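Subject: Structure handover

Hello,

Here is the structure I promised to pass on. Please open it beside this email and follow along; my notes come below it.

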Amino acid sequence: MTILCVRFQLPPMYEAALPGLLGLLEEFTPVVEALPPDGALVDLRGAERYFGRSAVELASVIRVRALALYGVDCVIGAGPGTMLARMALREARPGVTCVVPEERDGVVEFLADKPVTALPGVGAATARILCEYGLDSLGRVASAPLSTLQRLVGAKAGRELHEKASGADRGRVVPNGVARSLVTERPFERDELDPDRHRRALVSAAEELGARLRALDKVCGTLTLTVRYADRSATSRSRVLKEPTAHSAALTRVAYGMYEGLGLQRARVRALVLRAEGLDPAEQASYQLSLDPVDEKVRRIEEVADRVRAKFGPRAVVPGVLAA
């Protein structure tokens with residue numbers, strides 16, 4: 001057993017706690033792949049040898065440390081590969097790690113009775129085609145002739161489907177680094193209907209993101225806005241920036257654009273989350289020369305605000321509301 005799929009039981013408005021929790025996982029192994037907003041894949045092959053414990057035993061230690069240090073419980077699935085660990089996670093519960101056996105017979109038994117939709121990559125359309133021919137479980141898919149599956153869903157997709165249903169798991173954990181994204185959240189005390197309050201929260205979140213990026217000497221290439229609603233559903237929009245930036249005003253304009261594009265009508269919003277992704281060192285970014293005196297003034301004000309925050313703390317400067 002070498003791979004863990006961990007999902008932290010984070011309340012919707014506390015997504016920003018994820019980097020610290022990922023840091024906890026990296027105390028066991030550097031091979032950690034973040035799965036925002038609340039999960040991660042962990043390859044423990046080296047850790048099992050180093051600590052002299054199985055992956056399941058290490059999962060218990062991770063759970064205890066997350067509770068002790070962050071007050072956050074987690075659910076964990078374990079398996080010999082990433083696909084099987086993800087599938088095990090669906091059956092896990094707090095305090096108990098769901099384990100897929102390493103032996104082939106155990107893997108086949110684990111998969112046999114599951115519906116075809118349980119397999120990652122099988123969508124509604126593919127599942128409907130398979131079920132029309134009686135292939136409604138992974139055991140039946142694994143037993144079907146490869147040529148039959150290829151006629152139904154295509155040559156490449158049929159081969160991949162047959163291999164996965166038979167337990168072949170070639171996925172691997174790809175470390176993507178905690179610092180590849182920054183997250184800031186603005187929860188509301190009560191479900192908020194007022195668009196003006198939404199915009200003020202976006203200004204505040206963008207200002208914080210910009211300040212954190214500049215403090216790290218980073219720029220972001222993609223900005224993602226997530227709106228969480230009263231019914232616990234959420235909507236996300238991402239936008240690749242024309243030019244990587246760490247400037248709060250530019251981030252605010254992009255956030256406003258994504259927010260307006262959602263066309264929310266009397267939506268009861270519980271929290272707004274901004275994520276800066278695709279982070280790179282600022283010196284590697286190619287900036288266009290700006291001759292706009294207003295823009296230059298804003299950037300100079302930004303520099304002064306950063307110096308004030310560095311001296312008196314992050315709350316020393318409160319942003320005003322920019323025009324939409």
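One term first: a residue is buried with under 20% relative accessible area, exposed with over 50%, and partly exposed in between, using a 1.4 Å probe and protein chains only. Helices (H or I, at least four residues) and strands (E, at least two) are DSSP runs, numbered from the N terminus.

This is a predicted model, in which local features need pLDDT of at least 70 and side-chain atom pairs count only at pLDDT 80 or more, while totals for chains, interfaces and linings use all residues. Residues are numbered from 1 along each chain as its sequence is written, and side-chain values use heavy atoms, with hydrogens and water left out.

**Overview**

The protein chain has 12 helices and 10 strands. Of its 324 residues, 44% count as buried. Contact here means heavy atoms within 4.5 Å. Take the contacts between residues at least 6 apart in sequence: 67% of them join residues at least 24 apart.

Start with β7, residues 218-229. This strand is mostly covered, with 11 of its 12 residues buried. Two strands pair if DSSP finds at least two bridges between them. Which strands does β7 join?

- β8 (residues 234-245) runs antiparallel to β7, with eight bridges between them. T224 has S238 as its bridge partner in β8.
- β9 (residues 269-277) is also antiparallel to β7, again through eight bridges. L223 is partnered by A276 in β9.
- β10 (residues 280-281) is joined to β7 by two bridges, and this pair is antiparallel. V219 finds its bridge partner in D280 of β10.

β7 and β8 form a hairpin, with four residues between the strands. In that turn, R232 has a positive phi of about 75°.

T222 lies in β7. Its relative accessibility is 18%, so T222 counts as buried. Leaving out residues up to four places away in sequence, T222 touches S238, R239, V240 and L241, as well as R275, A276 and E277.

R190 belongs to another strand, β6 (residues 181-192). R190 is exposed, with a relative accessible area of 62%. The C-alpha atoms of R190 and V269 are separated by 8.5 Å, although the two residues are 79 apart along the chain.

**The five-stranded sheet**

Now turn to an open sheet of five strands. Its order is β2-β3-β1-β4-β5, and the pairing is mixed. β2 (32-35) and β5 (98-99) stand at the edges with a single partner strand each, so one side of each has no neighbour in the sheet.

β1 (residues 3-8) and β3 (residues 39-43) run antiparallel and are joined by five bridges. I3 has D43 as its bridge partner in β3.

Two helices pack on this sheet. For their directions, axes are lines fitted to C-alpha atoms, for helices over the stretch in contact, and angles run from 0 to 180 degrees between N-to-C directions. Helix α1 (residues 18-25) touches β1, β2 and β3, and its direction makes about 15° with that of β3. Helix α3 (residues 55-70) touches β1, β4 (74-79) and β5, and its direction makes about 20° with that of β1.

**Helix α9**

Which residues of α9 (residues 155-165) are buried? They are G158, L161 and A165. Seen down the axis of α9, the buried residues fall within an arc of 65° (taken from the directions from the helix axis to the C-beta atoms), so they line one face of the helix. A155 and K156, on the other side of α9, are exposed.

Just after α9, G167 takes a positive phi of about 100°.

**Helices α10 and α11**

Finally, look at α10 (residues 195-216) and α11 (residues 248-262). They pack at an angle of about 140°, and their axes are 8 Å apart. On the α10 side the contact includes P195, H198, R199 and L202. On the α11 side it includes S248, L251, T252 and A255. By class, this contact has 11 nonpolar, four polar and four charged residues. Here Ala, Val, Leu, Ile, Met, Phe, Trp, Tyr, Cys and Pro count as nonpolar, Asp, Glu, Lys and Arg as charged, and the others, Gly among them, as polar.

Best wishes
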